[in-house]
Amino acid sequence: MFEASRSYSLKLEKMMVPMAKGYRSKRVLDIAFDLSREYNSEIIAFTVKDDVRELTWSDKVSLVTNAYKDGKEQNIKVIPRITTSSSVREGIVKEANTHNYDLLFIASGKRSPLSASLLGGIGDYVLKNSRVTTVAASLKNRGYPYEKILVPVSEYLNTRTAVSFALHLKKAIGAKIYFADLRKYDRKKTHGFSLLFDNMDEVLKIFGNDIEIIKSGMSTSITDEVSIISRNIKPSVVILGIRSDPTGRVRINSSIKSIMKESDHDAILVKK
């Protein structure tokens, strides 16, 4: 029943990874590589040449050709692609929205709790304007592959698509996953993640063992609950989820922002 569910389905045939200098885009490329090895995905290593300023063509070419070479060495299909645009963020969104991508990755560094931005100027724009499932990683320069994945299970903090992404990533890298059952904090319940918990035996069969369910404690705040659980289990990454409303607008609640900014580990936000 779980495997046939459309609400937890996740297509991973074609993934887009925008490339830039630094470890962050390399980190999400590594995540895409691991998913590709497990699910036979095609990866488009993409970059935008700012036609007003920025790096030379040779610098941009090296970003995507190095991704192609790394993929070839690991028997992973990587297609390098470069475009020119007066705006990097608009170039990324245009590419994502005009091609048939299943998943788009973006990465940024951790932002200060006082900052209005969650993922930086480019990341915030891409997350809000892309029309494909987007995996936005806020990175703290810790090790990869991840060993422990924390997934707060609450409709206020997560979606079924993000839970599915976490499970697929768990299987691809052999991590342990912790489902923190925080459904008691949901004021409005629609699905209650009942399919996940009611079919845990099937989930274990599909995605492997090393799945642990953590019950909520006595905290009165969902962010405090996540913080306490994080201190106890010391996850490598926490995975959260949002979805755009019927008009396409994206709203990120204060609890998700707080968890992503204040956590002492990587955080991934999946937008459906």
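The report below treats the sheet, the packed helices, the nonpolar cores and the backbone in turn.

This is a predicted model, in which local features need pLDDT of at least 70 and side-chain atom pairs count only at pLDDT 80 or more, while totals for chains, interfaces and linings use all residues. Residues are numbered from 1 along each chain as its sequence is written, and side-chain values use heavy atoms, with hydrogens and water left out.

Ten strands form an open sheet of mixed pairing in the order 3-2-1-4-5-10-9-6-7-8. Strand 3 (78–85) and strand 8 (211–215) stand at its edges with a single partner strand each, so one side of each is left without a neighbour in the sheet. From one strand to the next the twist averages 25 degrees. Helices (H or I, at least four residues) and strands (E, at least two) are DSSP runs numbered from the N terminus, and two strands pair if DSSP finds at least two bridges between them.

| Strands | Sense | Bridges | Residues opposite each other |
|---|---|---|---|
| Strand 4 (residues 103–109) and strand 5 | parallel | six | alanine 107 and alanine 137 |
| Strand 5 and strand 10 (residues 266–271) | antiparallel | five | valine 135 and valine 270 |
| Strand 6 (residues 148–153) and strand 9 | parallel | two | leucine 150 and valine 238 |

Six of the six residues of strand 5 (residues 134–139) are buried, so this strand is largely enclosed by the rest of the structure. Buried here means under 20% relative accessible area, exposed over 50% and partly exposed in between, with a 1.4 Å probe and protein chains only. Thr134, Ala136 and Ser138 point one way from strand 5, whereas Val135, Ala137 and Leu139 point the other way.

In helix 4 (residues 120–129), the buried residues are Gly120, Gly123, Asp124, Val126 and Leu127. Seen down the axis of helix 4, they fall within an arc of 165 degrees, so they line one face of the helix; the arc is that of the directions from the helix axis to the C-beta atoms. These buried residues pack against helix 3 (88–98), strand 4, strand 5, strand 9 (237–242) and strand 10, contact meaning heavy atoms within 4.5 Å.

The axes of helix 1 (residues 23–39) and helix 5 (residues 160–173) come within 9 Å and cross at roughly 80 degrees. Axes are lines fitted to C-alpha atoms, for helices over the stretch in contact, and angles run from 0 to 180 degrees between N-to-C directions. Helix 1 and helix 5 are therefore roughly perpendicular to each other (65 to 115 degrees). Among the residues that meet are Ile31 and Leu35 in helix 1 and Phe165 and Leu169 in helix 5.

**Nonpolar cores**

The largest nonpolar core has 53 residues, and those with the most contacts inside it include Phe105, Phe165 and Ile268. Such a core is a set of buried Ala, Val, Leu, Ile, Met, Phe, Trp, Tyr and Cys residues joined through side-chain atoms within 4.5 Å. Helix 5 gives the most to this core, with eight residues.

**Backbone**

A cis peptide bond, with omega about 10 degrees, joins tyrosine 144 and proline 145; proline 145 lies in the loop between strand 5 and strand 6. Asparagine 75 is not a glycine but has a positive phi of about 60 degrees, and is exposed, with a relative accessible area of 73%.

Note on methods: Angles under 35 degrees count as roughly parallel, over 145 as roughly antiparallel, 65 to 115 as roughly perpendicular and the rest as oblique.
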